[in-house]
Amino acid sequence: MASKKLLLTLDRITKDFPGTRALDDVTFDLYAGEVHCLVGENGAGKSTLIKILSGAEKPDKGELILFGKSYSQFTTSQAINFKIATIYQEVDLVDSLTVADNVFLGGELRNMFGIIDQKRQEISAAEIMERLKIKISPAVLVADLSPADRQILQIVKAIHRDAKIMVMDEPTSSLGFEETRALMDLIRELTSEGIGIIYISHYLQEVTEIGDRITVLKDGKLVNTYKKSTFSTKTLIRDMVGRNADEFFYKEEIPIKEEALNVNHYSKGDRVQDVSFTVREGEIFGIGGIVGSGRSELAALIFGADKKEDGELILKGRKITPSNPKQAIRHGICMITEDRKETGLFLDRPVVENIEIVNNELNTFLINLSTEKNHVSGIVESLNIYLSSIKQDIDSVSGGNQQKCILGRWLTTNADLFIFDEPTKGVDVGAKQEVYKIISNLSKQGKMIILISSDMPELISMSDRIGVIREGAMVSIMSKSEVTEQKLIKEYLGY
Ligand SMILES: Nc1ncnc2c1ncn2[C@@H]1O[C@H](COP(=O)(O)OP(=O)(O)OP(=O)(O)O)[C@@H](O)[C@H]1O
Ligand SMILES: [Mg+2]
């Protein structure tokens, strides 16, 4: 640790929501120059703890001790004044402004006539970025930045505001491996400047690599705080799940039958270029590639959620080629999307409606079940979804449990083809195993699966074959026996 100065203590924090004690007497502290990671199952209370720190939630009991002064709660503006920066996934940047303008937003540098001095802002933003070894041009429009660079820009903004404490809640869940590496390097630059970082992630390899300390929460309670060299993924999993568990899933071999899906010549501009492949009954066809390579676009075209320019789809010998999702669903295709906020959930509606929506729209499509409530309760139970009630609004459910609700929505349908786009994003280790079991069971029933995943160990262990998309084109298809991480990375990047 660069320095031993204590920045912050969240002291004996308790927080209740209707029906749930989200935090129960939790103490968490942070020193200057350290990365203190926070791990735990979905619903363990991680986000709630940092919401209390950012002023978004008020604790029911406990104190916040910041730079030696004690407070019963923060307001959001206090948190910012206190130099606490929370890096959100849903980015609050202005697309139509440049990188430098965004950095200075609200505190613009002006010339003697009161006009914004863009040159000076650009120079100053460039200085911060150079210091942190960030390669983003200060003059480009934010609209043209990748999601990864947007996240990095938020960090630059925070540095410009002189943040001393930075909170990152699942910062890499939308990043590819190269971008994740870049973020890790940036975090090391930040800590070397004495900034303290609270880092939440479900990727245990990441937290064991970057963390100076790791705290485990379970059911709102603190289980352990480990110092470097006293933690391992094994002990973390045991603490999180409450039993010994494997980090990786060993999928049993399932006999693969007839070819029953042909995707022929799907194309859209340079985003998706003449992609063809087949999937057999019972097969899990993995799709890999870097973030932005066109994997999700391909899935959207197949599902009819986006307009293709060319291509046809043959499912079980019938040419169906859906032109919208409703048609796709009627023909037995379903897609579990990557972005739960944008395309998956109806945020202001209860869980029960979010799960039933597919069935209500297409009630012929559903296996006959007595009542909606029993049906949903059954799904909630079988997926281990952690809720206080199925009537709870979905936006008050923890991130990973929202993802499970989306999965649950589709699992009782009679589809032949399931497209999973990043199905375990934000899902904890224990629940990941459940998701893998669900996918395996579908394939056992002879369903066809297209699995898009940025999690390479997951992609390799689950897929029977893997197709790699690079710049919109399917550049290779490998069988399980020949695939390795090294080979995949080479194909992803094309060198
Ligand atoms: N506004 C709210 N109203 C009711 N319950 C809530 C609210 N916010 C959180 N909860 C509940 O508090 C518990 C902790 O949620 P939290 O979001 O902190 O979990 P988490 O550890 O961040 O999980 P994940 O890994 O899934 O993101 C959960 O049971 C959740 O349903
Ligand atoms: Mg969370």
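Predicted model: local features only at pLDDT ≥ 70, side-chain atom pairs only at ≥ 80, totals over all residues.
Colleague: What is the mean pLDDT of the protein chain?

Modeller: The pLDDT is the predictor's confidence in each residue, from 0 to 100. Here the chain has a mean of 87, with 91% of its residues at 70 or more. Residues 361-370 have pLDDT below 50, and this stretch makes twelve contacts in the model beyond near neighbours in sequence, a contact being two residues whose C-beta atoms, placed from the backbone, lie within 7 Å.

Colleague: Which domains does the assignment give, and how many residues does each contribute to the contact?

Modeller: Domain bounds come from an automatic or database domain assignment, and for this chain they are domain 1 (6-241) and domain 2 (259-493). The domain centres, taken over C-alpha atoms, are separated by 30 Å, and the contact draws 21 residues from domain 1 and 19 residues from domain 2. On the side of domain 1 that touches domain 2, α6 (177-192) and α8 (233-241) are the elements giving two or more residues, and α8 gives the most, with three residues. Helices here are DSSP runs of H or I with at least four residues, strands are E runs of at least two, and both are numbered from the N terminus.

Colleague: Where does ligand 1 lie relative to the domains?

Modeller: A residue is near a molecule if its C-beta atom, placed from the backbone, lies within 6 Å of it. Ligand 1 is surrounded by 20 residues, the closest being Phe-17, Asn-42, Ser-47, Ser-398 and Gly-400. Both domain 1 and domain 2 give residues to this shell, so the ligand lies between them. At least two shell residues come from each of β2 (20-31), α1 (46-54) and α14 (399-411). By class, the shell holds six nonpolar, twelve polar and two charged residues, where Ala, Val, Leu, Ile, Met, Phe, Trp, Tyr, Cys and Pro count as nonpolar, Asp, Glu, Lys and Arg as charged, and the others, Gly among them, as polar.

Colleague: What is the order of the open sheet of four strands?

Modeller: Strands of a sheet pair through backbone hydrogen bonds, either parallel or antiparallel, and two strands are taken to pair if DSSP finds at least two bridges between them. The order in this open sheet is β2-β1-β4-β5, with antiparallel pairing. Since β2 and β5 (69-71) stand at the edges with a single partner strand each, one side of each is left without a neighbour in the sheet. The twist from one strand to the next averages 20°, with axes fitted as lines to C-alpha atoms, for helices over the stretch in contact, and angles running from 0 to 180 degrees between N-to-C directions. Helix α1 packs on this sheet, where it touches β1 (6-17) and β2, and its direction makes about 115° with that of β1. Between β1 and β2 there are eight bridges, one of which sets Leu-6 against Tyr-31; in their hairpin, which has two residues between the strands, Gly-19 takes a positive phi near 85°.

Colleague: Which strands stand at the edges of the open sheet of six strands?

Modeller: Its order is β16-β17-β18-β13-β19-β20, with mixed pairing, and the edge strands are β16 (333-336) and β20 (473-479). Within it, β13 (residues 284-288) and β18 (residues 448-452) pair in the parallel sense over four bridges, and Gly-286 has Leu-451 as its bridge partner in β18.

Terms used: Residues numbered from 1 in each chain as written. Chains lettered and ligands numbered in written order.
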